[in-house]
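Here is a short briefing to read beside the sequence and the 3D view. Please keep both open while you work through the points.

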Amino acid sequence: MAVIQTQNVAKQYNGQYVLKGISLTIEPGQIIGYIGPNGAGKSTTIKILSGILDEFEGEASVLGMDVRKQALDIKQYIGYIPENAALYEVLTPMEYLRFAGRLYGMGENDILHKSTELLRLFKLSENAEQRMNGFSKGMKQKVLLISGLMHNPQIIFLDEPLSGLDANAVILVKEILLQLKQSGKTIFYSSHIMDVVEKLSDRIIIINQGEIIADGSFEDLRKLGDTGSLEKIFTSLTGSTGHGSTAGEFIDILSH
Amino acid sequence: MNKLLIKIFRLLKPLFRKADPDFEKIMIILETKLTMDNRRVNMSWRNSNQKQNSNQLTRVLIIYTIFGLMIGFIVLFATDFKTIMVLFHSYVLFMMAMILVTDFSSVLLDTTDNQIILSKPVSSKTLFLARTFHIMVYLFQFTVAIGIGSWMFSFYRFGFITGVALIGTTFLTVLLAVFITYFLYLALMRFASEQKIREIISWFQIFMTILFSFSYQVLPRLVNFVDIRESISLQWYAYLLPPVWMAVSLEAIQNLQFDGTHLSMIALAVAVPIAGFWVLNKYLAPGFSSRLAALQQSTDTRKELTSNVTQKKNLAEKMSSWVNSNAIERAAFQLTWYITGRDRNFKMQFYPALGYLLVFFFIFLFKNQQSAAENLARLKDTSSYLGLIYLPVFLTSTAYSLLPYNEHFQASWIYHSTPLKKPGSVIIGAIKSVVVKYFIPAYLILFFISLWFWGGRILFDFVFGIFNNLFCFVIIIFFSEHFLPFSRQPATKQQAGRFARSLLQLLMIGILVGFHYLLLKHHWILMAMIPILFTGAWLILRSIGNLAWKKIAV
């Protein structure tokens with residue numbers, strides 16, 4: 001059974017469509033790479049699927065539940081890690097994770113155990129009781145990752161999860177995502193970092209100007225035209241070519 | 001105090017039997033928000049003062065206690081019981097509604113934690129009630145501060161039972177103020193389209209400021225106090241006036257009078273605030289969170305288009321090149337001009353002040369029991385235009401006091417990463433920007449209206465007023481802590497004092513008007529003062545412009 005199903009999902013702001021009829025069927029236990037240029041509609045799709053936005057056109061269901069009618073039930077089974085390190089920085093990681101865990105309905109002991117252990121794995125034990133306003137972007141991102149995963153969700157929506165992480169943390173997160181997939185979780189992964197998407201994803205969906213323009217495995221996408229890396233396929237499909245000449249022009253303007 | 005209030009809120013748990021709204025989640029969000037309020041006082045890009053600070057709130061509470069004592073003296077000395085109570089409850093209703101619109105609109109309509117809270121299993125109703133409880137924590141403290149004088153005098157004058165009942169009706173009035181304000185907000189959010197909400201919410205706040213201020217000024221005048229004193233058969237409109245419900249209910253308790261009129265008033269006093277919350281929760285709160293998400297999401301494509309096509313200099317650029325002496329000032333001038341015009345939070349906090357300006361202008365027409373026409377005729381012979389001369393400085397200093405606070409305060413790294421020798425220049429640019437953008441237009445409008453109404457005799461006073469206004473404005477800035485524009489994190493506790501500060505500013509304007517009034521007949525003194533005020537303002541501005549980094553609060 002599909003864990004995510006959408007039919008002609010569209011969303012408009014101020015009369016302009018940012019999503020123009022997205023139809024998706026996603027099977028469990030996959031990593032889905034959801035990529036597109038800025039403003040393509042990636043975050044809006046994720047917000048609709050995770051029940052944050054309920055005013056849209058078309059139909060969407062997650063785990064067989066209607067996104068509009070059963071958003072609250074859906075949220076219990078999903079983890080959402082937003083694009084920016086959106087957390088309450090005046091709290092300590094332990095306080096923030098306790099807050100998030102309690103909103104997910106987790107028991108106090110469970111929260112304490114998981115927070116302590118997961119912070120230790122991310123090498124944040126020493127910072128567990130410090131307020132996060134002095135944290136680096138990567139440290140905040142780690143806390144955010146823990147807060148979205150600690151309740152052991154079935155589906156994980158990640159919006160740029162590797163942003164700001166150091167090299168070791170990136171490797172760790174990639175490994176975590178692979179093992180989560182192996183344990184049957186579905187991961188809906190939006191990112192700009194093409195080589196990670198290329199290596200991790202079972203299926204890659206490219207969205208541009210609110211429409212899906214390519215959908216398939218990396219091998220399938222290579223057949224569409226460019227035979228190089230995902231980055232090359234992406235730029236040729238989204239029409240973002242000519243970067244070399246733009247860069248040259250940039251340098252030219254700087255030096256005159 | 002917060003712990004005590006949380007315990008009081010926990011007593012409400014039996015009222016929340018259903019899963020939605022989820023009482024436990026409301027309390028989790030509330031506790032977290034209160035912890036954050038205690039910590040968030042001194043946040044900036046470079047520095048975070050981590051002391052638990054409650055001085056700000058204490059100061060505001062003291063101000064409200066003083067304002068409360070003023071109405072308290074009516075309770076102590078006025079003769080007719082019901083008149084006293086109508087006035088007291090009108091005052092509480094007005095104060096609370098204004099505090100809600102001025103200080104807490106941005107807390108209710110906060111979109112910054114949408115991603116944090118709405119992504120968790122938290123329903124729209126739960127989030128709405130958590131925010132309401134959060135605001136109520138502060139309203140509860142303000143109510144005690146405003147009411148304590150009147151309560152004590154009431155215990156002393158009318159006895160224990162009436163004193164206790166008065167505390168009860170005070171809180172019912174607060175609930176009613178919350179209900180009326182929220183009802184208007186939620187109805188707007190429910191029935192206006194997503195893009196319309198963004199466009200009209202600030203104007204809607206001006207409308208609410210005017211509505212509440214007019215209600216406070218006009219409704220007590222509508223009440224026929226003779227009729228109220230009789231109260232055997234009240235006029236029909238008395239049933240529409242909450243302060244009358246409360247006053248007549250208290251009379252029933254005071255005199256043990258429980259006839260039909262009194263019982264119906266008691267029923268209204270108790271049932272309407274409670275039923276109001278039920279309606280809010282049942283019909284209006286469900287759409288709240290998605291509309292909030294929409295507030296954050298929508299992009300204003302119209303503005304993007306205009307900025308793309310504008311090739312020639314716009315008004316901000318033109319003004320900035322005329323009034324500023326260096327590039328830093330010009331940059332700060334334009335930044336302030338653009339952000340104050342576009343930032344939703346700024347507008348949400350500033351527009352109520354614009355509302356006051358209109359309200360105070362029209363209050364002249366209803367100054368006493370005479371008709372508007374009689375008032376107008378009488379006004380021509382007075383010097384009431386002095387009040388108008390000093391209103392623009394109120395508007396400008398309100399705008400300036402809001403400048404340091406911005407959601408994206410971290411963007412202020414730019415001040416620190418650029419070779420900015422004299423940060424004072426940034427402050428000067430910001431000052432000039434609010435003066436050009438808010439002071440001058442408001443002053444000109446009031447000048448032309450006054451010229452039309454009072455004739456040429458106002459001319460000299462308006463000329464003197466410019467210098468007096470600007471001198472006072474820069475002197476307030478000079479003695480305040482210096483912040484760079486948009487460099488501080490907004491915090492609930494700081495917002496909580498805005499209405500109190502507005503009242504203090506109005507007092508200051510009263511002093512200015514008094515000073516000007518005393519010298520009204522001595523034009524030569526005013527004339528002699530103009531160069532002194534001008535030189536004083538210029539010297540102060542120069543001193544602010546030379547402020548070094550160590551004088552700037554970061």
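A salt bridge is counted where a side-chain nitrogen of Lys or Arg comes within 4 Å of a carboxyl oxygen of Asp or Glu. By that rule the structure holds 15 salt bridges over all chains. The model is predicted, and local features need pLDDT of at least 70, side-chain atom pairs count only at pLDDT 80 or more, while totals for chains, interfaces and linings use all residues. Residues are numbered from 1 along each chain as its sequence is written, chains are lettered from A and ligands numbered from 1 in the order in which they are written, and side-chain values use heavy atoms, with hydrogens and water left out.

**Salt bridges in chain B**

- B:Lys13 and B:Glu24 form a salt bridge whose closest N and O atoms are 3.3 Å apart.
- B:Lys13 lies in the loop between α1 (2-10) and α2 (23-39) of chain B, whereas B:Glu24 belongs to helix α2 of chain B, so the pair ties together parts that are 11 residues apart in sequence; helices (H or I, at least four residues) and strands (E, at least two) are DSSP runs, numbered from the N terminus.
- B:Lys13 is partly exposed at a relative accessible area of 41%, where buried means under 20%, exposed over 50% and partly exposed in between, using a 1.4 Å probe and protein chains only.
- B:Glu24 also counts as partly exposed, at 30% relative accessibility.
- B:Lys82 forms a salt bridge with B:Glu251, and their closest N and O atoms are 2.9 Å apart.
- Because B:Lys82 lies in helix α4 (residues 81-103) of chain B and B:Glu251 in helix α11 (residues 242-255) of chain B, this pair ties together parts that are 169 residues apart in sequence.
- B:Lys82 is buried, with a relative accessible area of 2%, and B:Glu251 is buried at 8%.

**A network with residues of chains A and B**

- A network of salt bridges links A:Arg98, A:Arg102, A:Glu108, B:Arg10, B:Lys13, B:Glu24 and B:Glu31.

**The sheet of chain A**

- Six strands of chain A make an open sheet in the order β6-β7-β8-β3-β9-β10, with mixed pairing, where two strands pair if DSSP finds at least two bridges between them.
- The edge strands, each pairing on one side only, are β6 (78-81) and β10 (211-216) of chain A.
- Strand β7 (residues 155-159) of chain A runs parallel to β6(A) and is joined to it by four bridges, and A:Ile78 stands opposite A:Ile155 in β7(A).
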